[in-house]
Amino acid sequence: MSRWRSIWLVARREVLERGRSRGFILSVAFTTIIVVGSFVLPALLFGEDAATKVGVVEPVPAALPVAIATTAGQFDRAVEISTYPDVAAADAALGAGAVGVVVAMPADLSGPGEVRFDKQTDQATAQIISAAIIAVRVQAVLGASDVDRDALAAAQQPPLVGAREPQTEDEEARFFVANIGAVLILVGIFSFGFTVLTGVVEEKQSRVVEVVLSTVRARDLLMGKVLGIGVLGVVQLVVFVAAALAAALATDRLTLPSTTPGAVALLGLWFVLGYLLYSTALGFLGALASRMEEASNASTPVTMVAMASYFVAIFAVVDDPSGTVATIATFLPPSAPFVVPLRAAFDAIPAWQIGLSVLVTLAGIWVLFIIGARVYAGAVLQVVGRMKLRDAWRSAGE
Amino acid sequence: MLEILDLAKRYGPVVALDGTTFTARPGRIVGFLGPNGAGKTTTMRCVFGLARPDRGEVRWKGAVVDRDARLRFGYMPEQRGLYPRMRVAEQLSYFAQQHGMPATVANAAAMRWLERMGLDDRAKSKLEELSHGNQQRVQLATALVHDPELLILDEPFSGLDPIGIATMTDVVRERSAAGVGVVFSSHQLDLVEDVCEDVVIIAHGRIVAAGGIDELRAASGRQHLEVEVVGSAGAWLDGDGELIVLERAGDRVKLLVDRSADLDALLARARQAGEVRTFAYQPPKLSELFMEAVAPVAAEEPTR
């Protein structure tokens, strides 16, 4: 029988046994609900209930505050209105976050004035205030003794809507996608890498490993296990990303950056590479333990490397995506899965670096697997106590 | 034929195997006996490549055992264990497929063995939902499901109730009759005597006796002699340091005597004590052969 059939059978068993388990189905459902919830809930809660803080610049047209409050009320939104002596003071309040939007309108209603946000225009609020401004001016025209048709038309001109420090939506969305990506990779490594770890320990603990290894090579068992659990990881990632994208689009919280398909593909690739690297390490370290408590001890170095890589990515790399730290971290297999998708999201990595980084990481996985398979083979039948790495290596090599 | 050739294995300072050599022929049931720690499990693990001998090799049908050969072996390790949360039938089918059976054949074989073990109604149960005895039956079925040509069973009777033991012996005899080679280790020597044709006795990693049980009896260096002297209560033996007394029961004593012993002199001594009703050789029990084979080695200092 070919080795590949053996590996395939191991992987298939993992997928079927774990994929059908209530735990896996619940965890996919649960994470999906959380992702969707994190988009939908703020839209429900803050979108409607929290009062929008509006700053108006003096001199204020008498009818404006009432008009804004009334219009907002029609959309079930509350507003808090404060006044500022001049545009500079209002802008300062905007920059400090004291107000969400500033309205400056000539007191004599000679023009529609201006509506200003801090960094990004909130379309719903802009619509409400524009409607209020138009309403104030139209009422002024209609209130005159004879209605001037031209004046009525002019009164319907919308105000100028803009941002104090405009930021492109693309930039914001990219940052968002990049961060989500780093978190997803970390979560993927931790949850599925640890599934490999516990799977290995369970096999030792239930003693089934002796029966399995009487026909399956130790390295084939490790590979099949890593691949099978990896398939489940990819399934969860796909569900996760699809739910996140759908929720983001449906609630209008985010306009997806132009680079989304590429970013998602890259995220998927690095999720797989990161998972393979870390789960192989966790798998063979798990073989050194004979009980779960020992397994978490054995896995500590891997956990620390993963956390350190993640923090390098979200601090150093986000800070300076093309800097020295980012470039070095790109070519270290443990940190590359976190760093490369992040740099790519900022468009701060040349294609050749991505290619080279993939090759370096693949080589790292291969080396780790060769070492890991030998340690695994040496350690997995030792069922009492925690084994030392060196002893396991020797015992398999003799 | 399975040939274990000159296996040696050390674990640090502990010598597990020290030139272990024996053969198991197809269609014969071999009892693999030895005190705890004598090297039985290590030998079996060497057959399956689970332990790597420092020296020596294992041959099957004349060739060194490789993975393809092992696919035709069935193994029941001393440390029992299967996947606790996997369904019984799927589990058997999985192991059958790992031994090279196509999926459909493996599924059918799994169901056949579950029927044979009286567990066909539990096919869809998870292993952990079964009683201990039934889990043992599934474990045996796992060793058998792929129709192996050689069965290696490590302590197959331990932890079984009498019904389980009966099932186990039935299956072992049936497979043997079908031409399968069977090697099993056990401490239950009465059972071994009942089931096995051949025995191999190991002590401190070395084979100290091997062959058919009858041959071993015939070759036994010492004879078991039963002597009954009416009214003596065995007192005529007192003060004799050379004779090994195995058993005293009233007037009846059981002695272990060398083949070279002067039986005439012994008989004369017995006659002086009273009327000799019995003076006869008895075939030794397997347990007696075992003690005889193991005792001289056990007396040695085991550090080497």
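Trainee: Which residues touch the most other members of the largest nonpolar core?
Mentor: Of its 151 residues, A:V339, A:Y376, B:L92 and B:I201 touch the most other members. A nonpolar core is a set of buried Ala, Val, Leu, Ile, Met, Phe, Trp, Tyr and Cys residues joined through C-beta atoms within 7 Å. Buried means that 20 or more other C-beta atoms lie within 10 Å of the residue's own, exposed means 12 or fewer, and partly exposed lies in between, with C-beta atoms placed from the backbone. This is a predicted model: local features need pLDDT of at least 70 and side-chain atom pairs pLDDT 80 or more, while totals for chains, interfaces and linings use all residues. Residues are numbered from 1 along each chain as its sequence is written, and chains are lettered from A and ligands numbered from 1 in the order in which they are written.

Trainee: Which helix gives the largest share of this core?
Mentor: Helix α10 (residues 260-288) of chain A, with 17 residues. Helices (H or I, at least four residues) and strands (E, at least two) are DSSP runs, numbered from the N terminus.

Trainee: What does A:V339 touch?
Mentor: Leaving out residues up to four places away in sequence, A:V339 touches A:V312, A:A313, A:V317, A:A326, A:A329 and A:T330. Contact requires C-beta atoms, placed from the backbone, within 7 Å. A:V339 is also one of the buried residues of α14(A).

Trainee: Why is helix α14 of chain A largely enclosed?
Mentor: Helix α14 (residues 336-345) is largely enclosed by the rest of the structure because 10 of its 10 residues are buried. After α14(A) comes A:D347, with a positive phi near 60 degrees.

Trainee: On to chain B. Is strand β7 mostly covered or uncovered?
Mentor: Strand β7 (residues 150-154) is mostly covered, with 5 of its 5 residues buried. B:L150, B:I152 and B:D154 point one way, B:L151 and B:L153 the other.

Trainee: Which strands pair with it?
Mentor: Strand β6 (residues 73-76) of chain B pairs with β7(B) in the parallel sense over 4 bridges; pairing requires at least two DSSP bridges. Strand β8 (residues 181-185) of chain B also runs parallel to β7(B), joined by 5 bridges. There, B:L151 has B:V182 as its bridge partner.

Trainee: And how many residues does each chain give to the contact?
Mentor: Chain B gives 22 residues and chain A gives 17. On the chain B side, helix α3 (residues 88-98) gives the most, with 4 residues.

Key
Contact = placed C-beta atoms within 7 Å.
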